[in-house]
Amino acid sequence: MNASAISIPHDPDHHGGDHGHHGHVTLQYQPGLPLSKGKLIMWLFLSTEIMFFAALLGSYVVLRFGAAVWPKPHHVHLSEPIGAFNTFVLICSSVTIVLALEAARANKTGLAKMWMVLTLALGTLFLGVKAFEYQAKFSHGIYPWSPRSRVFEKPDLYYGSAVRARLGEPAMIDRLKELDETPEDKLSPEEISARRRLKQVREMVASPDQQPFDLAVVADQVMPLPADGAGAHGGHGPHGLNDTFPWLKLPAVIPGGNMWASTYFFLTGFHAIHVLVGLIVFAILLLYRLGPKRAGMIENAGLYWHFVDLVWIFLFPLLYLF
Amino acid sequence: MTHHAHDPHGPVTRAGETADETLEHAAQGHEDGHGHGGVGKYLLVFAALCGLTTMSFLTYSSFWPWRDEPHVGWAFMMAVSCTKAMLVVLFFMHVLWEANWKYVLTIPAAMMAVFLAIMLVPDVGLRNRMVAQERALHMARQSDVRLLQQAAEAKLLSDQAH
């Protein structure tokens, strides 16, 4: 700032701090907004992020309540306790980053570093749990894919032909033959039952006088939808053929499952990317001495992290409990 | 003309300093300036957040009395989530102690967010009010869920027969 334009007589009461080129000049600069540049930019960024996630969450809510059918959380193998645990992890990490900021302001650099490492660990734990949950979806054939994952919307003719196509793959024919020839004493009782049911399924999808209800039975054998009361407490419902023989990978039916998968992976995926970015920022911050000089940086990183926590606070009930 | 930490317009920059430097000084001496924060207060907020998470988890447990009325649970969970969000924003993000710029940045963004969601309703929310016959043939309906449930019950019978 060029101070030479205005000249004010020296004020003896003014308390120092003026090391400017013109010793007799006292200037006061009122910033447009009473906050640091970094914090202003962070808040501007966060206000765009509010709109970004509001668009995602709004689309989800509107898609969900406009849908003819929407799967229940346990139809798509969501575990509510795991979701609640992840909520707890993120809340803890919000506290640790706030404590890191307090410690840095009080010039307790070691303590600040400890809280920062803890935040990093909690964020990593969150991502680990998320990866575990994604793996559970993938293993059930639920993933975003075009035109569709292994999930079919309804047990119609297209579903029947997809099951038939899968059973007719050369590798599958060999595997099924191998299963048929395995003596009963080498199989568990569950596998013996599943083998018998699989045989019925193979006959049903190949039958020329197939009834619409047969395909619903096939879908139920491949991957049953837990009844409303049964699977509500994370307990495993009835075991489908896909669970007993994981190599089978038969198409499954979850009404509304594809739209659910698109919204679920889109929402949690973008949230996970935000978590990852936060972790990278924390890792970079750990390279510095976390004293009062870095308090501004920690505060801005913390603001971002709290926002990520905030998004999850809404995502958890919307995805897991609705 | 002197400046105070209690200036209603926020801190005034000291001569020869940038706004960032002044705010850094303010941050260092914020205990005497604003007197906010404090580990105890954060831990209290943390306890409240944990309690609220447990409350929204309650809707999933068998203790929840309105299991047949999902709307009660949804309204309850959204109320809990908004309370949690306010706690995080006010205390962890220090918005409670910020100057009035906080309204400039948050209220328009929040309004845009609400409008965004509302604007999706006609095209997306009401998309199933009138659908082409071809789409009606291929989309999942409540009748498909019932069909699958009937199939599940039929299987139970066949298992008993064996």
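These legends describe close-up views of a predicted model.

**View 1. Helices H4 and H6 of chain A cross at roughly 120°.** H4(A) spans residues 157-167 and H6(A) spans residues 189-206. Their axes come within 9 Å. Angles of 65 to 115 degrees count as roughly perpendicular and those over 145 as roughly antiparallel; H4(A) and H6(A) are therefore oblique to each other. The crossing of H4(A) past H6(A) is left-handed. On the H4(A) side, the contact is made by Gly160(A), Val163(A), Arg164(A) and Leu167(A). H6(A) contributes Arg202(A), Val205(A) and Ala206(A). By class, the contact residues are 4 nonpolar, 1 polar and 2 charged.

**View 2. Phe126(A) and Trp312(A) form an edge-to-face pair.** Over all chains, the count of aromatic pairs comes to 29. In the pair shown, the ring centres are 5.1 Å apart. The planes stand at 85°, and an angle over 60 degrees counts as edge-to-face, so the pair takes that label. Distant parts of the chain are linked here. Phe126(A) sits in helix H3 of chain A, residues 109-139. Trp312(A) sits in helix H10 of chain A, residues 295-321.

**View 3. Phe316(A) and Tyr320(A) form a tilted aromatic pair.** Centre to centre, the rings are 5.6 Å apart. Their planes make an angle of 40°. Phe316(A) and Tyr320(A) are 4 residues apart in helix H10 of chain A, so about one helical turn separates them. Both Phe316(A) and Tyr320(A) are buried.

**View 4. Ring pairs link aromatic residues of chain A into a cluster.** Its members are Tyr134(A), Phe138(A), Tyr143(A), Trp145(A), Trp260(A), Tyr264(A) and Phe265(A). Rings pair here if their centres lie within 6.5 Å.

**View 5. Ile273(A) lies in helix H9 of chain A.** The helix covers residues 257-285. Ile273(A) has a relative accessible area of 49%. Exposed means over 50% and buried means under 20%, so Ile273(A) counts as partly exposed. Val308(A) is 35 residues from Ile273(A) in sequence. In space, the C-alpha to C-alpha distance between Ile273(A) and Val308(A) is 10.0 Å.

Methods
Residues are numbered from 1 along each chain as its sequence is written. Chains are lettered from A and ligands numbered from 1 in the order in which they are written. This is a predicted model: local features need pLDDT of at least 70, side-chain atom pairs count only at pLDDT 80 or more; totals for chains, interfaces and linings use all residues. Side-chain values use heavy atoms; hydrogens and water are left out. Axes are lines fitted to C-alpha atoms, for helices over the stretch in contact, and angles run from 0 to 180 degrees between N-to-C directions. Helices (H or I, at least four residues) and strands (E, at least two) are DSSP runs, numbered from the N terminus. Angles under 35 degrees count as roughly parallel, over 145 as roughly antiparallel, 65 to 115 as roughly perpendicular and the rest as oblique. A crossing is left-handed if the near helix is turned anticlockwise from the far one by less than a right angle, and right-handed if clockwise. Contact means heavy atoms within 4.5 Å. Ala, Val, Leu, Ile, Met, Phe, Trp, Tyr, Cys and Pro count as nonpolar, Asp, Glu, Lys and Arg as charged, and the others, Gly among them, as polar. Rings of Phe, Tyr and Trp (its six-membered ring) pair if their centres lie within 6.5 Å; planes under 30 degrees apart count as stacked, over 60 as edge-to-face and the rest as tilted. Buried means under 20% relative accessible area, exposed over 50%, partly exposed in between (1.4 Å probe, protein chains only).
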